[in-house]
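Welcome! Please look through the sequence and the model, then try each exercise before you read its solution.

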Amino acid sequence: QVQLVESGGGLVQAGGSLRLSCAASGRTLSTSALGWFRQAPGKEREFVAAISWSGRSTFYADSVKGRFTISRANAKNTMYLQMNSLKPEDTAVYYCAARTTLNSDTYFTAQNGNDYWGQGTQVTVSS
């Protein structure tokens with residue numbers, strides 16, 4: 001049984017920073033592509049950022065490009081999302097996801113087809 005557990009969410013003022021973590025247990029994710037998604041109140045869940053299992057390929061939603069950075073530490077079985085210059089519109093529940101079937105330099109942006117999901121962590125940005 002694989003579990004993904006997000007942490008690091010909280011309340012921050014606009015312009016501030018947070019670092020989210022997604023830790024895996026039950027199996028290694030060193031050969032899984034990983035991604036972050038978010039769901040704001042009253043909206044559908046959307047893609048935020050993705051990273052291949054090699055770490056060489058990353059991709060970001062336009063809304064967070066230049067402000068968020070995705071990274072991974074395979075030795076720790078953990079993925080991170082560094083979020084800087086936060087805006088009120090970044091307020092959402094953030095979820096991590098893993099997909100085990102991609103090659104080393106491929107990332108994913110779709111929600112369908114992912115093998116594992118975390119339970120989410122709340123990020124609230126006040127104006």
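**Exercise 1. Work out whether Phe-59 and Tyr-107 are buried, partly exposed or exposed.**

Solution. Keep in mind that this is a predicted model. Start with Phe-59, which has a relative accessible area of 35%. Buried would need a value under 20%, and exposed a value over 50%. Phe-59 is therefore partly exposed. Next take Tyr-107: its relative accessible area is 29%, so Tyr-107 is partly exposed.

**Exercise 2. Classify the ring pair of Phe-37 and Phe-47, then the ring pair of Phe-59 and Tyr-107, as stacked, tilted or edge-to-face.**

Solution. A pair of aromatic rings is described by the distance of the centres and the angle of the planes. To count as a pair, the ring centres must lie within 6.5 Å. By this rule there are five aromatic pairs.

Step one: for Phe-37 and Phe-47 the ring centres are 5.8 Å apart and the planes stand at 75 degrees, so this pair is edge-to-face. Phe-37 belongs to strand β4 (residues 33-39) and Phe-47 to strand β5 (residues 46-51), so the pair ties together parts that are 10 residues apart in sequence. Phe-37 and Phe-47 are buried.

Step two: for Phe-59 and Tyr-107 the ring centres are 5.2 Å apart and the planes are at 10 degrees, so this pair is stacked. The pair links distant parts of the chain, 48 residues apart: Phe-59 is in strand β6 (residues 58-60), while Tyr-107 is in the loop between β9 (92-99) and β10 (116-117).

Ring pairs link Phe-37, Phe-47, Phe-59, Tyr-107, Phe-108 and Trp-117 into a cluster.

**Exercise 3. Find the rings that Arg-45 lies over.**

Solution. Look at Tyr-95 to begin with: the charged end of Arg-45 sits over this ring, 5.0 Å from its centre. Then turn to Trp-117, where Arg-45 lies over the face at 3.9 Å from the ring centre. Trp-117 is also one of the residues in the aromatic cluster.

**Exercise 4. Locate the disulfide and say which strands it connects.**

Solution. A search of the whole structure gives one disulfide. It joins Cys-22 to Cys-96, with an S to S distance of 2.1 Å. The angle about the S-S bond is 65 degrees, and the link of Cys-22 and Cys-96 is right-handed. Cys-22 lies in strand β3 and Cys-96 in strand β9, so the pair ties together parts that are 74 residues apart in sequence. Both cysteines, Cys-22 and Cys-96, are buried.

Notes: Residues are numbered from 1 along each chain as its sequence is written. This is a predicted model: local features need pLDDT of at least 70, side-chain atom pairs count only at pLDDT 80 or more; totals for chains, interfaces and linings use all residues. Side-chain values use heavy atoms; hydrogens and water are left out. Rings of Phe, Tyr and Trp (its six-membered ring) pair if their centres lie within 6.5 Å; planes under 30 degrees apart count as stacked, over 60 as edge-to-face and the rest as tilted. Helices (H or I, at least four residues) and strands (E, at least two) are DSSP runs, numbered from the N terminus. Buried means under 20% relative accessible area, exposed over 50%, partly exposed in between (1.4 Å probe, protein chains only). A charge sits over a ring if NZ of Lys or CZ of Arg is within 6 Å of the ring centre and within 35 degrees of the ring normal. A disulfide is a pair of cysteine sulfur atoms within 2.5 Å.
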